[in-house]
Amino acid sequence: MYNEIINYIKNKNVAILGFGREGKSTYKFIRKHLKDKMLTVLDQNKNATSDINDDNLILINDNYLDYIDKYDLVIKTPGISLIGKKYNAEITSEVDLLTRFVPVKLIGITGTKGKSTTSSLIYTVVSDQLKNTFYVGNIGIPIFDYIEKFTPDSIVVAELSAHQLNDIKNSPHIAIILNLFEEHLDYFHTLDNYYNAKLNIFKYQNKNDYALYYSDNEELTNRVKKINSLAKMIPLNKKMLLNDEIKIDDYTYFFNKGQYLIGDYNKIDIMFSLYVAKILNLNLKRCEEVIRNFKPLEHRLELINGGNIKFYDDTLATIPEATLNSIKAIKDLETLIVGGKDRNIDYTNFVHELANTSVKNIICQPDTGKYIYENLKNSNKNVYYVEELEDAVILAYKITSKDKSCLLSPAASSYNKYQNYADKSAHFKMYIEKYK
């Protein structure tokens with residue numbers, strides 16, 4: 001299955017652009033099958049390859065992007081943006097190489113928010129009935145870590161970010177777009193660039209493929225209409241969720257019968273999962289059992305024991321729309337902790353929406369929290385500004401009533417103070433444990 005990739009790159013002058021987890025996965029895959037091939041790593045980290053003893057590996061740090069055109073093929077990690085730059089070298093990625101050369105049945109899921117839960121849910125549902133199923137992608141599992149295990153009848157469920165989709169030239173067999181909202185402008189520069197990258201998941205499909213999308217998202221629907229896709233287009237929407245139920249042929253799923261997933265957006269995630277199951281001809285009654293036992297992902301409305309206060313870790317909510325949905329999902333929510341890295345997202349509407357929620361206390365943090373605080377401090381809310389997350393937790397214990405809930409939902413990324421959302425979450429849980 002993977003030999004097509006090896007044959008494609010073996011006679012090319014190859015560079016690996018970015019040497020994080022995915023870059024190292026690419027290196028290990030190539031080196032295993034092309035033991036003597038000269039390879040170059042382009043990465044600003046001077047210690048990127050310090051733990052590797054390889055005479056056929058070169059590392060270039062200084063002005064590393066200037067060297068791209070010296071190579072025939074550059075395998076890029078998603079985290080490095082080349083938006084707006086033109087190169088003569090062929091720029092590819094693990095996702096692109098998979099879709100071009102490895103004929104598995106690929107289920108790709110993207111969207112500004114919700115893709116982690118939906119991807120994990122689809123994988124759990126599918127793998128319960130079809131054992132040769134793999135889960136890779138934006139969740140932190142590089143595709144090349146598993147590629148040698150794929151067979152022609154493998155099903156690969158891939159959570160795909162816009163960063164990964166930006167470089168593809170082929171689309172998945174079953175492609176899903178959950179929504180489109182403003183995000184990642186620090187990487188893509190314009191909304192058009194960002195949205196176009198997302199739409200690549202449909203762009204190259206053929207008549208045997210399926211394109212599922214949430215048609216109540218106006219931005220998404222308008223852009224889907226402009227794509228001349230040959231795939232079977234399947235719009236899903238809230239009308240299919242009337243009376244908390246979804247009907248597929250003669251099968252009905254009832255949401256009010258209890259599941260761990262809460263909130264309207266998780267109903268949508270379940271709906272997409274059931275439609276994928278239908279396409280794959282799975283037993284829907286069996287799928288129901290799996291879905292009802294599916295627990296929320298870590299960092300996504302994850303309930304934490306805070307003693308006499310219920311805390312929810314929602315650090316994966318990195319845009320305003322996700323935070324607003326989480327607020328609606330928690331019925332006894334009294335305190336919100338919000339704020340993170342400023343990525344040039346417009347928070348005007350978010351502030352207006354926050355002012356009209358039932359949340360009593362809003363604790364704001366750098367950097368975006370400064371704007372939120374300044375524009376809400378004269379509202380009917382109790383609004384606070386603190387620099388550190390530890391101080392936010394201490395304050396939450398002081399101002400939140402017994403047996404009520406406090407939600408950490410940043411509506412921004414965590415990179416201003418933390419390595420990533422998981423790092424912020426770990427600190428949040430540590431402070432809760434310290435003060436509960």
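Strand β10 and strand β11 (residues 232-236) run parallel and are joined by five bridges. Within this pairing, Y210 stands opposite K232 of β11. The model described here is predicted.

Two residue pairs can be named. I176 has L212 of β10 as its bridge partner.

Six strands make up an open sheet with parallel pairing, ordered β7-β8-β6-β9-β10-β11. Strands β7 (133-137) and β11 form the edges, each pairing on one side only. On average, neighbouring strands of the sheet are turned by 15 degrees against each other, direction ignored.

Helices cover parts of this sheet. Helix α9 (residues 264-279) packs on the sheet and touches β6, β9, β10 and β11. The direction of α9 makes about 165 degrees with that of β10. Helix α7 (residues 191-203) lies across β6 (105-110), β9, β10 and β11. With β9, α7 makes an angle of about 150 degrees.

Strand β10 (residues 210-214) is itself mostly covered. Four of its five residues are buried.

Key:
Residues are numbered from 1 along each chain as its sequence is written. This is a predicted model: local features need pLDDT of at least 70, side-chain atom pairs count only at pLDDT 80 or more; totals for chains, interfaces and linings use all residues. Side-chain values use heavy atoms; hydrogens and water are left out. Buried means under 20% relative accessible area, exposed over 50%, partly exposed in between (1.4 Å probe, protein chains only). Helices (H or I, at least four residues) and strands (E, at least two) are DSSP runs, numbered from the N terminus. Two strands pair if DSSP finds at least two bridges between them. Axes are lines fitted to C-alpha atoms, for helices over the stretch in contact, and angles run from 0 to 180 degrees between N-to-C directions. Contact means heavy atoms within 4.5 Å.
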